[in-house]
Amino acid sequence: MDYLSITISLVSLVVCLTVYNKVSAMEARIKTMQVNVDQIAKSEGLPPHLVQNEVLQLVRNGKEVAAVKKAREVLGLSLLEAKQYVDALKE
């Protein structure tokens, strides 16, 4: 009986790790696709993402941390990516 529970635990662990890796890979692909879409939109003269104005307003009001947080929430960016996004808007 102990072998069965150990086997089930190991199989569950492998399944969870596999799912986690797949989700992480999908998130990375989606971020890459978003960068590509943003570049295409910029080159075609399309308006920026709706959150950009809100983030820029937060930066202008001296609320850079809130701007980074908003960028992370809406755009699904990592902390570093959101900081880089906000820094690029400041320029």
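The model is a predicted one, so local features need pLDDT of at least 70 and side-chain atom pairs count only at pLDDT 80 or more, while totals for chains, interfaces and linings use all residues. Residues are numbered from 1 along each chain as its sequence is written, and side-chain values use heavy atoms, with hydrogens and water left out.

**Overall layout**

The chain has four helices and zero strands; these are DSSP runs (helices: H or I, at least four residues; strands: E, at least two), numbered from the N terminus. In sequence order the pattern reads α-α-α-α. The radius of gyration is 20 Å, well over the 12 Å that the globule rule gives for 91 residues, so the chain is more spread out than a compact globule. That radius is taken over C-alpha atoms, and the rule is 2.2 Å times the number of residues to the power 0.38. Along the principal axes, the C-alpha atoms fill a box of roughly 65 × 30 × 15 Å.

Here are some whole-chain values.

| Property of the chain | Value |
|---|---|
| Residues that count as buried | 15% of the 91 residues |
| Distance between the centres of the positive and negative side chains | 3 Å |

Buried means under 20% relative accessible area, exposed over 50%, and partly exposed in between (1.4 Å probe, protein chains only).

**Helix H2**

Helix H2 spans residues 50-60, and its buried residues are Val51, Val55, Leu56, Leu58 and Val59. Looking down the H2 axis, they fall within an arc of 155 degrees, so they line one face of the helix; the arc is that of the directions from the helix axis to the C-beta atoms. On the other side of H2, Leu50, Asn53 and Arg60 are exposed. Cover for the buried residues includes helix H3 (64-75) and helix H4 (79-90), going by contacts, meaning heavy atoms within 4.5 Å. Just after H2, Gly62 takes a positive phi of about 80 degrees.

**Helix H1**

Ala28 is found in helix H1 (residues 2-43). With 41% relative accessibility, Ala28 counts as partly exposed.

Definitions and conventions
Lys, Arg positive; Asp, Glu negative; His and termini not counted. Charge placed at Lys NZ, Arg CZ, Asp CG, Glu CD.
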